Amino acid sequence: MDSKQQYIKRKVKKAKINNGFTVDGVQIQIAEPPVIDIEKFFKNNFAKLPDDLISSVNKIIVGDFYISPGSSGKAINDVIYLRNKANEEDLFSDLVHELAHTYIGKNHNKVFGDRQLKKEFISKRNKLYHRMRSSGIDLMPHQYFENPNFDTSFDDYLNKTIGYDLLSQLISGIFPTCYSVSSLEEYYSVGLDLLFTNRGRMLEGCPTLKQKVSI
């Protein structure tokens, strides 16, 4: 269990969680209530999503969870934890992103089994590597770029050493967003998020990803 998971587990253990309500078979529990009408939020937004995506999660807990500066959600197995401080637009984006992770957990072979998405992802990582090398940027060993799994040191390299301001320029025409570079699973999750938050045009340069997120 990573540090974020441990933190969330501690927060949930200390919180007074109510029984909440159920939407489309998903139990929604509230640890600390948000300012928005959370039941209306889930009913309206679940109506926009495919049943296979919604059925991949068993429970969603909303509370004062600080995940990271750029994220207000975390999926642990078939439970999603959402921060109550996000506005509705950001909360929906985080919800879809974390649903992508729970969907992968139950449909791993369907998403990755034919290895076509991995092929596209690694090809883009290699394009990024060569673009960075030609730009004179200090590089981590090439093996990090060919590892499709999430690696904390590589993520820190992208986020802190390179920085997202520069990375956003380097990935132009290769990856849809900076975070989609992090790992194969995040590549898929970002793609699903973009599709259902009306930013699907950003997937035009990622044909396999676009096809895979059309569930």
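## How the helices cross

H4 and H9 cross in a right-handed manner. In this predicted model, the axes of H4 and of helix H9, which covers residues 184-196, come within 8 Å and cross at roughly 135°, and H4 is therefore oblique to H9. On the side of H4, the contact is made by Phe92, Ser93, Val96, His97, Ala100, His101, Tyr103 and Ile104, while H9 contributes Glu185, Glu186, Tyr188, Ser189, Val190, Leu192, Asp193 and Phe196.

H4, which spans residues 88-106, also packs against helix H2, made up of residues 38-46. The angle between H2 and H4 is about 55°, with the axes 12 Å apart, and these two helices are therefore oblique to each other. Here Ile38, Phe41, Phe42, Asn45 and Phe46 of H2 meet Glu88, Leu91, Phe92 and Leu95 of H4. The crossing of H2 and H4 is right-handed.

| Helix pair | Crossing angle | Axis distance |
|---|---|---|
| H2 and H4 | about 55° | 12 Å |
| H4 and H9 | roughly 135° | within 8 Å |

## A buried loop residue

Leu49 lies in the loop that joins H2 to helix H3, the latter being residues 51-54. With a relative accessibility of 6%, Leu49 counts as buried, because the cut-off for that class is under 20%. Apart from its neighbours within four places in sequence, Leu49 is in contact with Ile54, Phe92, Val96, Leu99 and Phe196. Of these partners, Phe92 and Val96 also belong to the H4 side of the contact with H9, and Phe196 belongs to the H9 side.

## A bent helix

Helix H8 runs over residues 152-170 and has 19 residues, yet its end C-alpha atoms are only 20 Å apart, which falls short of the 27 Å that a straight helix would reach at 1.5 Å a residue. Where does H8 bend? The bend is at Gly163 and comes to about 95°. Gly163 is itself one of the buried residues of H8, a list that also holds Phe154, Asp155, Tyr157, Leu158, Ile162, Leu167 and Leu170. The elements that cover these buried residues include helix H6, at 116-134, and helix H7, at 142-145.

## Two asparagines with positive phi

Most residues other than glycine have a negative phi. Asn77, however, has a positive phi near 60°, and Asn198 likewise has a positive phi of about 60° without being a glycine. Asn77 sits in the loop between strand E4, residues 73-76, and strand E5, residues 79-83, whereas Asn198 is placed in the loop between H9 and helix H10, residues 207-212. Are these residues buried or exposed? Asn77 is exposed, with a relative accessible area of 70%, and Asn198 also counts as exposed at 70% relative accessibility.

## The chain as a whole

The secondary structure of the protein comes to 10 helices and 5 strands. Of its 215 residues, 50% count as buried. Among the contacts in the protein with a separation of 6 or more, 55% are between residues 24 or more positions apart.

Methods: Residues are numbered from 1 along each chain as its sequence is written. This is a predicted model: local features need pLDDT of at least 70, side-chain atom pairs count only at pLDDT 80 or more; totals for chains, interfaces and linings use all residues. Side-chain values use heavy atoms; hydrogens and water are left out. Helices (H or I, at least four residues) and strands (E, at least two) are DSSP runs, numbered from the N terminus. The expected span of a helix is 1.5 Å times one less than its number of residues. The bend at a residue is the angle between axes fitted to the seven residues ending there and the seven starting there. Buried means under 20% relative accessible area, exposed over 50%, partly exposed in between (1.4 Å probe, protein chains only). Contact means heavy atoms within 4.5 Å. Axes are lines fitted to C-alpha atoms, for helices over the stretch in contact, and angles run from 0 to 180 degrees between N-to-C directions. Angles under 35 degrees count as roughly parallel, over 145 as roughly antiparallel, 65 to 115 as roughly perpendicular and the rest as oblique. A crossing is left-handed if the near helix is turned anticlockwise from the far one by less than a right angle, and right-handed if clockwise.
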